[in-house]
Amino acid sequence: MNRKPPAARASRLIRGWVGGAVLGALVVVGVGFAGAGCQRTRAIEFIGYACGAPPPLPMVASNPWNCDDGGGRCFVDDNLVGLPGGPAPLFMRPEDPSTAAQPTIVYPRAGAMFPLNLGGIDLQWRRGTHLYFRAQLTAVSDPTRVYTLYLPCRMPPPVPSPPPPDACFYPLSRALWTTIAAENPDGALDLQITGADAAGTTIAMSPPVRISFAPSSVHGGIYYWSSDGQGVFRALLGGGPGLPFLTPPLGGRFPCGGCHSASDDGRFLSFSGTTNDYGQPGTLIVTDVQSPSTPMLGPAPGEGGDGATTSLNRDGSLVLASFGTAIDPGHLDVRETATDRELARRDPDPTAVGGGRYFFPQWSPDGREIAATASEGSTTPWSVDSGSIVVLPYGGGGFGTPRVVVPQDDANGLFHYYPTWSPDGAWIAFVSAPLPGPSYGNAQSRLRLVSRAGGRIYELAKATQKIGVTSTYPRFAPVMQDQCNVLYLTFQSKMDYGYLVANSAQPTQGQAPQLWMTAIDLRALDTGDPSRVPVWLPFQAPQQKNLLGTWAERILCRGQADCGAVTDATCETTLGECVPAPP
């Protein structure tokens with residue numbers, strides 16, 4: 001499967017940093033991945049920050065407050081400034097007891113937790129019978145800390161279909177939302193929306209919705225596939241909208257590319273090149289993100305078949321691929337990205353545990369183990385009809401004996417797939433769905449969590465929200481907070497994003513999957529569901545299908561164009577990475 005002579009690519013490899021070399025981040029030198037308490041057993045380096053030393057709170061360059069309600073945290077939209085006496089007097093009236101007149105908050109969802117640096121969000125609500133609105137967020141720990149926002153009702157765009165006539169949304173600026181977040185780390189707030197009319201005599205108040213902010217910011221970037229061009233986009237969390245990164249033709253000849261993986265240090269990206277109809281089995285390609293148009297590990301000639309799904313190790317020096325044809329899928333292969341040299345291969349073995357064919361492999365953070373789906377049946381190299389979650393040791397250029405972490409649940413008719421490692425290697429999140437598959441696009445999929453050693457399976461029901469909305473393809477963010485107890489998981493789902501992505505009103509073929517983020521609080525394991533209600537990631541375009549979000553600890557840049565508008569993010573040339581701009 002050699003694609004080109006090793007010397008043709010070796011000069012382009014950027015080796016992983018060693019020792020104490022820091023590239024704009026704190027080096028955490030620990031030992032191993034023994035458990036959720038972050039106890040280590042061997043030396044390994046990280047880019048990121050220690051569990052007990054979160055980054056500083058988000059900076060806000062401009063003061064978003066433009067009115068005076070006596071508390072100093074008041075905002076009036078320009079369209080309401082011209083009201084006689086201002087909007088405040090409209091809301092000093094008695095409350096209408098009728099529920100028919102009440103607004104109803106549609107987004108954010110009750111129980112959602114927002115990272116401090118996520119950026120602006122869209123408030124969405126049903127307006128009831130009113131024209132003017134006041135949104136108030138009240139800190140639960142200090143009810144005297146109240147944020148008052150006077151807002152108009154904006155009609156959501158009619159894409160892909162007209163919204164209900166009483167639908168409202170309002171995009172909060174990044175400065176406004178981040179200012180509120182910075183004052184409430186690890187805090188809960190009650191959101192309530194009140195409606196009023198200029199000629200009315202009463203007001204109507206929505207039932208409150210309790211949301212919260214995370215202990216700190218979540219730094220890093222996400223590479224994701226978008227239907228906008230059939231290519232890979234990337235976004236810096238809290239740094240503005242996603243930008244096209246790889247657009248067709250990919251690898252010089254492929255109209256579509258996905259099933260991608262980023263190295264944790266952000267230097268390399270691997271992906272599978274294929275046709276728009278996925279008619280090919282997938283061709284492995286690896287690129288240096290600083291030279292994306294010239295693959296360092298270019299595609300094999302012909303129709304490929306050597307890379308249906310991929311995973312890069314921490315520094316991108318090794319690429320792991322599951323590959324095969326429709327009649328013979330489930331091979332595993334480890335290649336050296338600098339030379340294309342094959343270091344290890346495991347072909348299907350019907351006598352092995354779990355079925356002997358391996359799909360969706362993922363390196364552990366220390367590179368010593370591989371989580372994968374073991375399956376007996378598959379109709380394509382990128383989808384299975386059955387499966388267990390297994391872990392294979394890797395070392396010395398070879399695979400060890402796999403052990404089953406989550407066996408296929410024949411008694412309850414469930415199979416399992418899409419494993420992903422927590423940043424400390426102690427946990428594996430995965431997806432379960434009813435037998436028989438397929439795994440790809442399964443509407444009945446749900447998110448779950450298990451220790452790397454196996455044992456109790458935890459339902460991530462609050463993250464999944466409900467069965468039937470295709471909540472799938474989880475990926476852990478490279479962050480642990482609050483003494484390693486709070487983790488973050490992104491996934492894709494066809495759940496409604498309020499009125500802006502109303503998938504439930506669309507036929508299946510017209511639904512648009514979106515990227516969501518949930519927090520996982522390990523202190524809540526005893527409840528059986530340590531997840532939180534998810535939040536929609538605001539860097540994506542809601543009119544597009546957005547899939548397969550995978551993380552890197554940083555987004556590298558050569559110039560400002562790599563980071564987008566300077567008001568969203570700046571290219572710090574001394575660091576060589578994009579940094580969110582203060583809003």
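So, to start: is C153 buried or partly exposed? C153 comes out as partly exposed, at 26% relative accessibility, where buried means under 20% relative accessible area, exposed over 50%, and partly exposed in between, with a 1.4 Å probe and protein chains only.

Quick housekeeping. This is a predicted model, where local features need pLDDT of at least 70, side-chain atom pairs count only at pLDDT 80 or more, and totals for chains, interfaces and linings use all residues. Residues are numbered from 1 along each chain as its sequence is written, and side-chain values use heavy atoms, with hydrogens and water left out.

Okay, disulfides. Taking a pair of cysteine sulfur atoms within 2.5 Å as a disulfide, we get 4 of them. C153 is joined to C168, S to S 2.0 Å, and the S-S torsion is about -95 degrees, so that one is left-handed. C168 is buried, at 0%. Another one is C563 with C578, sulfurs 2.1 Å apart; the torsion there is about -85 degrees, so left-handed again. Both of those cysteines are buried. Then there's C67 with C74, at 1.8 Å, also left-handed at -95 degrees.

What about C256? Its closest cysteine sulfur is in C259, 8.7 Å away, too far for a bond. C256 is buried at 2%, while C259 is partly exposed at 26%.

Strands here are DSSP E runs of at least two residues, numbered from the N terminus, and two of them pair if DSSP finds at least two bridges between them. β17 and β18 share 6 bridges, and F271 has I285 in β18 as its bridge partner.

Definitions and conventions: Helices (H or I, at least four residues) and strands (E, at least two) are DSSP runs, numbered from the N terminus.
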